[in-house]
Amino acid sequence: MAALGPAPIVVVGGGITGLSAAHRLVEWFAARGSPPSVVLLEADDRAGGQIRTERHGDFLFEGGPDALVAQKPAGIALCERLGLGPELRELGGQKVRTQVLHRGRLHRVPDGFVMMAPTRLGPVFRSSLFTWRGKLRMACEPFVPRRPGDREDESLDAFVTRRFGREVLDRIAEPVMAGLFTADAQRMSMRLTMPRFLDLEVEHGSVTRGMRLLAGGAAPLRPFGHGTGRAGFVAVTGGLSRIVEALLARLPKTCVRTGARAIGVVAEPSTGAWSVRLETGEMLKASAVVLAVPADKAAQIVRAHDGPLADELGRLDYASCATVNVAYRRADVGARLDGFGFFVPRTEGLPILACSYVSEKFEGRAPSGTAVFRAFLGGATRPHALDADDAGLIGQTHGVLRRILSIAGDPIVSRVYRFPRAMPQFPVGAQAWLDEVRARAATHSGLFLAGSIRGAFGLPDCIRSGEEAADGAAAFLDRSQRAAAPATAVPGSSGWVANQANQKA
């Protein structure tokens, strides 16, 4: 193979996935004693993607995600490498409790519920959320036959109804999952979103039995299937934009190009290098390309190079959503704020999916004497809620909160954040689609995919996916340079990649 020369590795997409990939590559170049040869292209005028932290006077608002899942290690590990360890705050204690709206009233989720499954029946029997028929159906879960071994995946709706009954689906699982994944329970893949519950059924014959065994042993409960063993969520004191700021500070100023929309990539067989075409007509040479963009954008970019891959990428659907931050005078809020917020089942017929009590959940994000709430709207189950303009979304949110939380006054501050086609929707059987995309992309040396097009959902998964794609690109560059100059050693490069792989394992 001809020498690849000085062409950089090009990362397309400046959200958290692309930023994590670019940062990982800068770490790799530094470990081998070489100047970083990385270019990150972001079509928007800012990097950071869905992470949007804004200060409005004495209020600190998060537009997008507001915390990291503690159980998934990639997010916390990145923060610690960036020097943000002292700014991490675990969200826990008594207020970690959650409520669910049922027939217009808030009910506390029984203690011991993990996502969709009870680990203790006592709190369930004392709960006002379920009927006695629903409680007895839950208690019978250990006697429900396990699913056939050849059924690798199942929808949330089918799985929860089969194992725990309809009440658990309607009153816990569907609202919680719709709030977290903005997904439709009838289509949502358990294998890609909550694989641990599927595995517990197979391993123990009962989800409840398996979770009790885990709770009583040394192994932590891991509903997402892997992790650190830490429970709950972790926030960054100054908001999640601190992660974006720290990543940008670690990248060379010439590395990040905002307002640079990539529209195509083509490989050059004679050199092994890639060409990346920008919307302006500019062509960039690249030794490798990392695509860290949504599926529809990735499909457009690769279409000229591989039409069938583009067709496969185009099959992934996304849902739109919005968040509405509203602040009130605390004296105007008549309800007791129990826990961190509440979820809203679809059966309630309301436009919001969930509401977070921001001023209860985080310290120092609202002035004394105020209460801040953050509502989630849209998703796969309430798409028409987003047809309203910003004033309409604020009005919808205020109308719901005023009734549920007995709010007397109008908002003193409000802010709307919209995320069109931002939330990937992984239907039952999506693992086969991911395998096909992965196999097709692997036929193109030097092309690496990251983010939702590799099954990532949520910040820790996106960070992990970006770093894994970067490791692949670094290993590819190392092999290519060694093949071009076999007599020349490249200090530290392959060993660094192997070390990173060992740390992840």
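**Figure 1. The largest nonpolar core of the predicted model comprises 87 residues.** Within this core, M116, L156, F197 and V276 touch the most other members. Helix α6, which covers residues 166-181, gives the most to the core, contributing seven residues. A second, separate core holds 47 residues, among them L19, A47, A450 and A469.

**Figure 2. Surroundings of M116 in the largest nonpolar core.** When neighbours within four places in sequence are left aside, M116 is in contact with L156, F159, V160, F164, V168, I172, A173, M190, M194 and F197. Two of these partners, L156 and F197, are named with M116 among the residues that touch the most other members of the core.

**Figure 3. An open sheet of five strands with parallel pairing.** The strands follow the order β12-β2-β1-β16-β22. Strands β12 (256-258) and β22 (447-449) form the edges, and each pairs on one side only. From one strand to the next, the twist averages 15°. In general, the strands of a sheet pair through backbone hydrogen bonds, in either a parallel or an antiparallel manner.

Figure 4. Helix α1 is mostly covered, with 13 of its 16 residues buried. The helix is followed by G33, whose phi is positive, near 75°.

**Figure 5. The buried loop residue D306 and its contacts.** D306 lies in the loop between helices α11 (295-302) and α12 (307-313). Its relative accessible area is 3%, under the 20% cut-off, and D306 is therefore classed as buried. The side chain of D306 makes a polar contact with the side chain of R440 at 2.9 Å. Apart from neighbours within four places in sequence, D306 is in contact with R440 and H444.

Definitions and conventions. Residues are numbered from 1 along each chain as its sequence is written. This is a predicted model: local features need pLDDT of at least 70, side-chain atom pairs count only at pLDDT 80 or more; totals for chains, interfaces and linings use all residues. Side-chain values use heavy atoms; hydrogens and water are left out. Two strands pair if DSSP finds at least two bridges between them. Helices (H or I, at least four residues) and strands (E, at least two) are DSSP runs, numbered from the N terminus. Axes are lines fitted to C-alpha atoms, for helices over the stretch in contact, and angles run from 0 to 180 degrees between N-to-C directions. Buried means under 20% relative accessible area, exposed over 50%, partly exposed in between (1.4 Å probe, protein chains only). A polar contact is a pair of N or O atoms within 3.5 Å; within protein, one must be able to donate a hydrogen and the other to accept it, and residues adjacent in sequence count only if both atoms are side-chain atoms. Contact means heavy atoms within 4.5 Å. A nonpolar core is a set of buried Ala, Val, Leu, Ile, Met, Phe, Trp, Tyr and Cys residues joined through side-chain atoms within 4.5 Å.
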